[in-house]
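Subject: The structure, and what I found in it

Hi,

Here is the structure I said I would pass on. Please open it beside this email, and I will take you through it below.

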Amino acid sequence: MQNKLKNIVVCKDCALVLNKPQTDYKHQFHCPRCNALIYKFGQDYQTVLLLAITSIILFFPAILLPILTLEVLDLKQTTTLVETLLIFFKSGYVAISIFITFIGIVVPFFMLLLILSILTPLKFGKNSKYVSKFLKLYEHLLEWQMAEVYMISIVVAIIKLQKMATLHIGLGLYFFFGFLIMMFLTMSLFNPQDIWNEE
């Protein structure tokens with residue numbers, strides 16, 4: 001009975017019970033009823049770990065270095081990402097400030113820490129059951145990961161501000177775009193299904 005259960009998989013979306021597909025690095029498998037993704041290949045743990053560490057290194061200068069300098073007549077204002085959120089907060093946009101901080105800073109950083117917490121023990125030979133709680137938490141947070149929306153809003157703000165004042169792009173903005181690119185690669189190549197399939 002236990003061996004039979006090991007050979008089946010249940011679709012997360014429609015609960016259809018299927019025979020477990022033969023996993024490899026060349027194919028993706030979809031549910032025949034709802035077309036939900038059952039399995040896709042991921043990258044090896046070492047590559048994902050390196051990308052996650054690089055993302056975390058880029059994260060701190062991205063939020064702490066100046067992203068923009070705004071110049072209007074004789075007035076000049078330089079701001080970092082954190083300072084921008086504080087300005088929102090002090091201006092009365094408390095809910096917006098908290099929401100942007102959560103989806104743009106807290107969730108992406110926490111997800112990178114989770115990837116490190118999941119893959120580091122596995123890299124050193126720990127069983128996948130050892131990291132199952134971290135894995136479930138990671139999958140719950142996936143729907144809150146919207147850092148790319150943050151990037152689009154910054155680009156739109158820059159375009160609009162250019163019409164009103166002279167803008168100077170700061171080093172922090174380059175680090176922020178670098179962080180987003182590395183994080184996108186990390187999450188695209190990290191496949192939780194590979195770890196579930198090890199159980």
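Predicted model: local features only at pLDDT ≥ 70, side-chain atom pairs only at ≥ 80, totals over all residues.

**The chain as a whole**

You will find 8 helices and 7 strands in the chain. The chain has 199 residues, of which 36% count as buried. If you take the contacts with a separation of 6 or more, 61% of them are between residues 24 or more positions apart.

Two packed helices are described by the angle between their axes and the distance between the axes. I will give both for each pair.

Helix 2 covers residues 45–64, which makes 20 residues. From first C-alpha to last, helix 2 reaches 29 Å, close to the 28 Å expected at 1.5 Å a residue. Its buried residues are Tyr45, Val48, Leu49, Leu51, Ala52, Ser55, Ile56, Leu58, Phe59, Pro61, Ala62 and Ile63.

The axes of helix 2 and helix 4 are 10 Å apart, and the helices pack at an angle of about 150 degrees. An angle over 145 degrees counts as roughly antiparallel, and helix 2 and helix 4 are therefore roughly antiparallel to each other. Their crossing is left-handed. On the helix 2 side, the residues that meet helix 4 include Tyr45, Val48, Leu49, Ala52, Ser55, Ile56 and Phe59. Among their partners in helix 4 are Ile105, Phe109, Leu112, Ile115, Leu116 and Leu119. By class, the residues of this contact divide into 17 nonpolar, 3 polar and 1 charged.

Leu119 is worth a click. This residue sits in helix 4 and counts as buried, at 0% relative accessibility. Leaving aside residues up to four places away in sequence, Leu119 touches Tyr45, Val48, Leu49, Phe190 and Ile195. Leu119 and Asp44 are 75 residues apart in sequence, yet their C-alpha atoms are 9.9 Å apart in space.

**Helix 4 against helix 7**

Helix 4 runs over residues 94–123 and helix 7 over residues 171–189. Helix 7 has 19 residues and spans 27 Å from its first C-alpha to its last, close to the 27 Å expected at 1.5 Å a residue. Gly172, Leu173, Phe176, Phe179, Leu180, Met182, Met183, Thr186 and Met187 are the buried residues of helix 7.

How do the two meet? Their axes come within 11 Å and cross at roughly 45 degrees. Helix 4 and helix 7 are therefore oblique to each other, and helix 4 passes helix 7 in a left-handed crossing. Helix 4 brings Pro108, Met111, Leu112 and Ile115 to the contact, while helix 7 brings Phe179, Met183, Thr186 and Met187. That contact has 7 nonpolar residues, 1 polar residue and no charged residues.

Which residues does Thr186 touch, not counting residues up to four places away in sequence? They are Val48, Leu51, Ala52, Ser55, Leu112 and Ile115. Thr186 lies in helix 7 and is buried, with a relative accessible area of 0%.

**Helix 3 against helix 4**

Helix 3 takes in residues 81–90, and its axis comes within 7 Å of the axis of helix 4, with a crossing of roughly 155 degrees. Helix 3 and helix 4 are therefore roughly antiparallel to each other. Here too the crossing is left-handed. Leu85, Phe88 and Phe89 of helix 3 make the contact with Val94, Ser97, Ile100, Thr101 and Ile105 of helix 4. This contact divides into 6 nonpolar, 2 polar and no charged residues.

Gln28 lies in the loop between strand 2 (17–19) and strand 3 (29–30). Is Gln28 buried, partly exposed or exposed? With a relative accessible area of 45%, Gln28 is partly exposed. Gln28 and Ile38 are 10 residues apart in sequence and 7.6 Å apart in space, C-alpha to C-alpha.

Best wishes

Notes:
Residues numbered from 1 in each chain as written. Heavy atoms only, no water. Axes fitted to C-alpha atoms, helices over the stretch in contact; angles between N-to-C directions. Helix = DSSP H or I, 4+ residues; strand = E, 2+ residues; numbered from the N terminus. Parallel < 35°, antiparallel > 145°, perpendicular 65-115°, else oblique. Left-handed = near helix turned anticlockwise from the far one by under 90°. Contact = heavy atoms within 4.5 Å. Nonpolar A, V, L, I, M, F, W, Y, C, P; charged D, E, K, R; others polar. Expected span 1.5 Å × (residues − 1). Buried < 20%, exposed > 50% of the residue type's maximum accessible area, 1.4 Å probe, protein only.
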